[in-house]
Amino acid sequence: KAGVVIVNSYHAHPKGWTAVGGRVAQSSAVGERGRFWADSAMMHLPDRPLVVTEQNHCFWNQYLFENALLFPSYSSLQGFSAIITHVSPVAAYIPARDISNFHAGTIPTMRVNEFLMMQLFKRGDVKQSPHRLDLEISEKFVERNGRRALGMPELPLLCGFRSYFPGAAQLSQVDRADLTIPASTTRSFATYEWSSETQSAAGKEQLNAVVEQMRRKGILGRGNRTNPDREIYQSDTEEIELRAREKLLKVVTPRTEGVTLCAGAKLEKLDLLTVRSTTVPAAVGITSVDGKALSESSRMVLFLNTMSHAEGMVLSGDRTTLLKKNGARMLVETGVVQLSFPLRNGKRFQLYPLSLNGIRREAIPFEVRNGVAEIRIDTAALKHGPTPFFELVAETR
């Protein structure tokens with residue numbers, strides 16, 4: 001018997017790859033309540049580790065930037081053992097003159113996703129859930145329902161989650177779960193050559209009932225904002241909040257704060273960081289790179305992660321179908337973002353655009369009002385071209 005669970009997980013997996021006529025779905029992973037991640041989380045067993053040997057939010061889906069926060073944050077919440085991006089997270093070669101659905105090292109948006117993967121998951125900025133909910137799957141259930149699904153995919157967004165088979169031998173001793181619920185026939189799967197996807201979801205009444213049990217058990221605190229009727233899901237740690245109708249995923253930790261926003265979204269207050277406006281859909285945030293909490297850090301990176309496009313690439317009106325391609329030179333969508341961030345350690349800071357390989361460019365001026373940096377970045381106006389990375393660093397002299 002395998003001592004580890006291995007899964008692969010993709011959002012918007014291509015059909016037809018990058019040949020003309022190839023198709024990539026344009027749905028939002030956040031709008032779908034992180035379903036492609038949650039389906040992997042529901043394979044986690046209580047007595048053995050889970051390793052994601054392939055994961056990707058595939059190009060040219062228009063919400064590619066969401067994976068800067070989604071997969072690493074929730075995987076850390078669940079205590080996944082490893083995450084491996086498919087494919088080529090480092091561009092150690094000159095890429096072929098053709099676009100790719102997967103090559104993270106050559107797609108700027110995916111480069112940012114990888115950077116945040118290291119901060120949120122590898123460094124452990126997002127805390128693992130202190131609770132565990134087990135979905136009990138009996139042998140009779142499997143015999144009767146086969147490929148019918150096993151529960152509510154929203155539950156792994158809320159706390160530690162494991163699928164428990166009481167009839168199977170346990171490979172290691174595990175503590176008792178905080179809450180155990182029986183499997184139910186609430187979802188079904190479609191299986192393709194390289195992937196599978198959920199076709200139906202649980203009813204809100206059933207999900208509300210489980211959330212109420214979680215509140216009674218103290219798994220979700222009194223101030224927890226989870227409301228399935230409004231499609232709002234906040235983790236038990238209260239570090240992650242997903243608001244599906246807004247396509248908004250907010251992550252707030254001592255060392256990293258970030259949020260996914262649609263163009264023209266209303267002001268969003270995180271903890272220290274406030275995103276006042278953005279003219280472009282993006283994942284926006286800030287992360288400490290000196291290991292300190294943001295309130296004490298002297299070196300941080302602001303990120304404005306937008307969509308990438310290949311030069312000369314032509315898509316259908318609904319963006320799903322590739323009509324024409326002409327090489328693999330990548331462009332990034334530009335926009336204007338306005339941010340507020342308190343500079344609490346008494347030092348003076350400079351803000352530098354960074355090229356994708358980390359080279360500092362000319363500093364961007366900003367105002368400080370009552371100790372709060374008021375920052376406006378127009379990526380189309382940068383001298384050396386647009387970039388998703390900006391270093392906020394304390395002066396040393």
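**Pocket, helix, strands and rings**

Trainee: Which elements each supply at least two residues of the lining of the second largest pocket?

Mentor: This is a predicted model, where local features need pLDDT of at least 70, side-chain atom pairs count only at pLDDT 80 or more, and totals for chains, interfaces and linings use all residues. Residues are numbered from 1 along each chain as its sequence is written, and side-chain values use heavy atoms, leaving out hydrogens and water. Helices (H or I, at least four residues) and strands (E, at least two) are DSSP runs, numbered from the N terminus. The elements asked for are helix H3 (108-122), strand S20 (330-332) and strand S22 (349-354).

Trainee: What volume does the second largest pocket have?

Mentor: A pocket is an open set of points on a 1 Å grid over the protein atoms alone, where a 1.4 Å probe fits, with protein on both sides within 12 Å along at least five of seven lines. Its volume is the space filled by probe spheres set on the points, which are joined across faces, edges and corners. For the second largest pocket this comes to about 540 Å³.

Trainee: Which residues lining the second largest pocket are the closest to its centre?

Mentor: Lining residues have an atom within 4 Å of a point, and S20 gives the most, with three. By type, the lining divides into 16 nonpolar (Ala, Val, Leu, Ile, Met, Phe, Trp, Tyr, Cys, Pro), six polar (the others, Gly among them) and five charged (Asp, Glu, Lys, Arg). Of the 27 lining residues, the closest to the centre are Pro 108, Met 330, Ser 355, Leu 356 and Pro 386.

Trainee: Is helix H2 largely enclosed or exposed?

Mentor: Buried means under 20% relative accessible area (1.4 Å probe, protein chains only). The buried residues of H2 include Leu 70, Phe 71 and Tyr 74. Nine of the nine residues in H2 (residues 70-78) are buried, so the helix is largely enclosed.

Trainee: Which residue just after H2 takes a positive phi?

Mentor: H2 covers residues 70-78. The positive phi, about 70°, just after H2 belongs to Gly 79.

Trainee: Which residue in S11 stands opposite Ile 240?

Mentor: Strands pair if DSSP finds at least two bridges between them. S10 and strand S11 (residues 248-252) have four, in the antiparallel sense. They form a hairpin with four residues between them, and Lys 247 in the turn has a positive phi of about 55°. The residue opposite Ile 240 is Val 251.

Trainee: Which residues of S10 point the other way from Ile 240 and Leu 242?

Mentor: In a regular strand the side chains alternate between the two faces of the sheet. Strand S10 (residues 240-243) has Ile 240 and Leu 242 on one side, and all of its residues named here are buried. Pointing the other way are Glu 241 and Arg 243.

Trainee: Which arrangement do the rings of Phe 59 and Trp 60 have?

Mentor: Rings of Phe, Tyr and Trp (its six-membered ring) pair if their centres lie within 6.5 Å; planes under 30 degrees apart count as stacked, over 60 as edge-to-face and the rest as tilted. Phe 59 is buried at 0% relative accessible area, and Trp 60 is buried at 1%. Their centres are 6.3 Å apart with the planes at 80°, so the pair is edge-to-face.

Key: Buried < 20%, exposed > 50% of the residue type's maximum accessible area, 1.4 Å probe, protein only.
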